[in-house]
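My notes follow in the order in which I checked them.

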Amino acid sequence: MASCDMCGNEYDKTFTLTQGDRSGTFDSFECAIHAFAPTCGHCGCRILGHGVESGQGMYCCAHCAQASGVEGLADRVK
């Protein structure tokens, strides 16, 4: 049995997630998210969807990007 890199749980159904040079073994998607998902540069939440990105960083939404000084992004187009 392998153990989860995040919480240490030994589990017979672990999986390995690889992103570029980085990889980890996890017992749940929750642990994988905590280890791999980027955090919003403004509010600090984990970005689970597409999010938005600028040269200044990654954000969970256009509102957080704008609050950090990024211009030209919108969560909704009227």
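Which residue lies over the face of Phe 36? I looked this up in what is a predicted model, and found Arg 22 there, at 4.0 Å from the ring centre.

I then turned to the strands, where I noted that E3 (residues 15-19) and E4 (residues 22-26) pair in the antiparallel sense over five bridges. Two residues stand between the strands of this hairpin, and Gly 20 takes a positive phi near 60°. I also found Phe 15 opposite Phe 26 in E4.

Next I listed the aromatic pairs, of which the structure holds three. Phe 15 and Phe 29 form a tilted one, with 5.2 Å centre to centre and 40° between the planes. Since Phe 15 lies in strand E3 and Phe 29 in helix H1 (residues 29-36), the pair ties together parts that are 14 residues apart in sequence. I noted Phe 29 as exposed, with a relative accessible area of 63%, whereas Phe 15 is partly exposed at 25%. A further pair, Phe 26 with Phe 36, is edge-to-face, at 5.8 Å centre to centre and 85° between the planes; it links strand E4 to helix H1 across 10 residues. Both Phe 26 and Phe 36 are buried, and ring pairs link Phe 15, Phe 26, Phe 29 and Phe 36 into a cluster.

Last, I checked the cores. The largest nonpolar core has six residues, namely Cys 40, Ile 47, Tyr 59, Cys 64, Ala 65 and Val 70. Apart from that core I found another, of five residues, among them Phe 26, Cys 31, Ala 32 and Phe 36.

Notes: Residues are numbered from 1 along each chain as its sequence is written. This is a predicted model: local features need pLDDT of at least 70, side-chain atom pairs count only at pLDDT 80 or more; totals for chains, interfaces and linings use all residues. Side-chain values use heavy atoms; hydrogens and water are left out. A nonpolar core is a set of buried Ala, Val, Leu, Ile, Met, Phe, Trp, Tyr and Cys residues joined through side-chain atoms within 4.5 Å. Buried means under 20% relative accessible area, exposed over 50%, partly exposed in between (1.4 Å probe, protein chains only). Two strands pair if DSSP finds at least two bridges between them. Helices (H or I, at least four residues) and strands (E, at least two) are DSSP runs, numbered from the N terminus. Rings of Phe, Tyr and Trp (its six-membered ring) pair if their centres lie within 6.5 Å; planes under 30 degrees apart count as stacked, over 60 as edge-to-face and the rest as tilted. A charge sits over a ring if NZ of Lys or CZ of Arg is within 6 Å of the ring centre and within 35 degrees of the ring normal.
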